[in-house]
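Me: I would like to work through the fold of this protein in a series of questions, beginning with the chain as a whole and moving on to individual elements.

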Amino acid sequence: FSSIISGEAELEELLLAVKWDQRKHWKNDGVRDGAPGGHGRLHLGYPMHISNNSSLESAEKSMIKHSKRKMSPDEAYQYKVILAKIYFHNGKFDRCKEMISSLPDEMNESSELSPAYTKHMFLALMVMRGIILEMDDDLTRAHDTYDKALAAFRDSLGSQSDIVVPRNLGAGNTGTSSKEELVNWPEEALYRRALLSLSLGDNVNGLVELASYLHHLDNVAPPTFRALRRIRANSLYMLTMRTSLKDGAYISPEVKLDIIQGHRRQIALLKTIYGFPRADETHKEVLEEADSAYSDWMLIHAYSRMESLCLLELLYETASLTYNSPRVLRYLMHTLIRFGDYHEARLALSTYLVLVERQMAGVKKIISAAISDGSDYSNANGADSESLENILESVISGAQLYLTHLSEPHECLSLIHFANDLIDDVESKDPNHAVVPEVSQDIKARLALWKGAVHGRLAQKSREPKNRADHHSAALHLLHYAVEQSPRSYDAHYQLALELAIGARDVTAATVAAKLAVMLDPKRLEAWHVLALLSTSRKDFAKAYQICETALRQS
């Protein structure tokens, strides 16, 4: 017994000394196989093994010598499991399968071995058996094997016990440490069970099992333990959650909280792997998390002040891991505007524009090269380049920020001129839109809308009659164009109503425009306010009061 234990101790010491590349080993985990014959199965890497290792060959020979001894049933069980582990780690899976084929799949509670050691041996046996079933493409039995092993293991420990105990987690270890243990049998069982459920199309149980895996490791292990694998698992969990949500369906506070906590977990894990980037380095997974977090907040309508603050914290974390990413700055600007921190939003926009101008400085050369050799403009500046559409959408949001929240019409006008010049510059180089997609009429209409709104504000501020008339004429022309191109735009009708009321003093036309605005979005109060003021200008105070009551009910 003691010599078998010594042999196992030598094996464990040998395995802990093995250096391996976690990033390379698990890079495809959780990716669905779309190849012919793949049946949509999730890629699930097998544990790292070290084939043709001389030390493992020596350990195998030393262990086989014990087979000549007379052993008790418990010693024979122990011997077979340990030898199977040697075969398993040495990549000799046929021999491993043969060795464990005769062993029971029930835990022996009356074993003469210590209870804790018996549980560990049983779980290792069942995980090896499950992985071999996976290799034989018997996924259902493999899943059931992991499930049965975990149920027996948890029952023997107690429902509230920690079943995963990480090893070899020194203070210097990071999420990509090459010295982390090759296999942690309980962790392996939890992880593989969940991904097999999803591979088999059982998203309901798969989500529950994946949540069990993630929450358990949150409670018992630091983020550095199995960081890469947990990042893959968490991404898959968030994706499965996202696809299960129906558009327009009620999203419970519990689901919202689960999604928010999932993104917090992802950032904590990413921070163990990525640090401050080099000048030529783009952390693609961090950018993907920024994309995912921002889109999820929109999906679940997490617009409360606390929820927006939570998103801001996540985006600032991603900003520290990407350094001046225009994409992250774009998300920051939009979120800061929603949060109401307009000063910080302005700073984010200013930095974004500097980066975008730097990127767009080479657009002429890039377009010329792309047209000549057929390359794709969207990736010409790297993984973190901004599309023309995203730049223009950000400019529109920035224009609204300057005009509506910061009362800086000249800055707003300058921003719109930048956008229009950019459109003209790109379209002059690529008139047939062979490289850069054509700018939509909706974007051009919204640029005209805010340019018209700016001219309206400048007309109100101007003290020169001619300037005031010129601004008013430009405002009406641009706002009418915006309404024609986007007849379902609330802002276009509202800004037109405002200009007709204040600039033209045309109460009838302003009333029509304001009514169209409230029909498009009755929850917004600005157009209702204009309608009420127009009624008071006609001395119809009862109508104005009625409008105010209706507005409060609708909002």
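**Overall architecture**

Reply: In this predicted model, the secondary structure of the protein chain amounts to 24 helices and 0 strands.

Me: What radius of gyration does the protein chain have, beside that of a compact globule of 555 residues?

Reply: The C-alpha trace spans about 110 × 60 × 45 Å along its principal axes. For a compact globule of 555 residues a radius of gyration near 24 Å would apply, but the protein chain has 32 Å.

Me: What percentage of the residues of the protein chain count as buried?

Reply: The chain exposes about 26800 Å², and carbon and sulfur atoms supply 52% of that area. Among contacts between residues at least 6 apart in sequence, 68% join residues at least 24 apart. The term buried applies under 20% relative accessible area, and of the 555 residues the share that counts as buried is 49%.

Me: Is Lys256 buried or exposed?

Reply: Lys256 belongs to helix α11, residues 253-273. Leaving aside residues up to four places away in sequence, Lys256 touches Ile251, Ile300, His301, Ala302 and Glu307. Because its relative accessibility is 18% and the cut-off for burial is under 20%, Lys256 counts as buried.

Me: Which helices are included in what covers the buried residues of α12?

Reply: Helix α12 covers residues 284-299 and reaches 22 Å from its first C-alpha to its last, close to the 22 Å expected at 1.5 Å a residue. Its buried residues include Val286, Leu287, Tyr294 and Trp297. The cover over the buried residues of α12 includes α10 (227-244), α11, α13 (305-322) and α14 (326-339).

Me: Where is Asp137 placed?

Reply: Asp137 is another residue with a positive phi, about 65°, although it is not a glycine. Its relative accessible area is 51%; because exposed means over 50%, Asp137 is exposed. Its place is in the loop between α6 (115-135) and α7 (139-157).

Me: Which residues make the nonpolar surface patch of about 300 Å²?

Reply: Met519 lies in helix α22, residues 507-520. At 64% relative accessibility Met519 counts as exposed, because the cut-off is over 50%. In an α-helix, residues three or four places apart point the same way, because there are 3.6 residues a turn. The patch of about 300 Å² is made by Val512, Leu516 and Met519.

Key:
Residues numbered from 1 in each chain as written. Predicted model: local features only at pLDDT ≥ 70, side-chain atom pairs only at ≥ 80, totals over all residues. Heavy atoms only, no water. Patch = residues over 30% accessible without salt bridge, like charges linked within 9 Å, V, L, I, M, F, W, Y side chains within 5 Å. Areas by Shrake-Rupley, 256 points an atom, 1.4 Å probe, with all protein chains shown as cover. Salt bridge = Lys/Arg side-chain N within 4 Å of Asp/Glu carboxyl O. Helix = DSSP H or I, 4+ residues; strand = E, 2+ residues; numbered from the N terminus. Buried < 20%, exposed > 50% of the residue type's maximum accessible area, 1.4 Å probe, protein only. Contact = heavy atoms within 4.5 Å. Rg over C-alpha atoms; globule rule 2.2 N^0.38 Å. Expected span 1.5 Å × (residues − 1).
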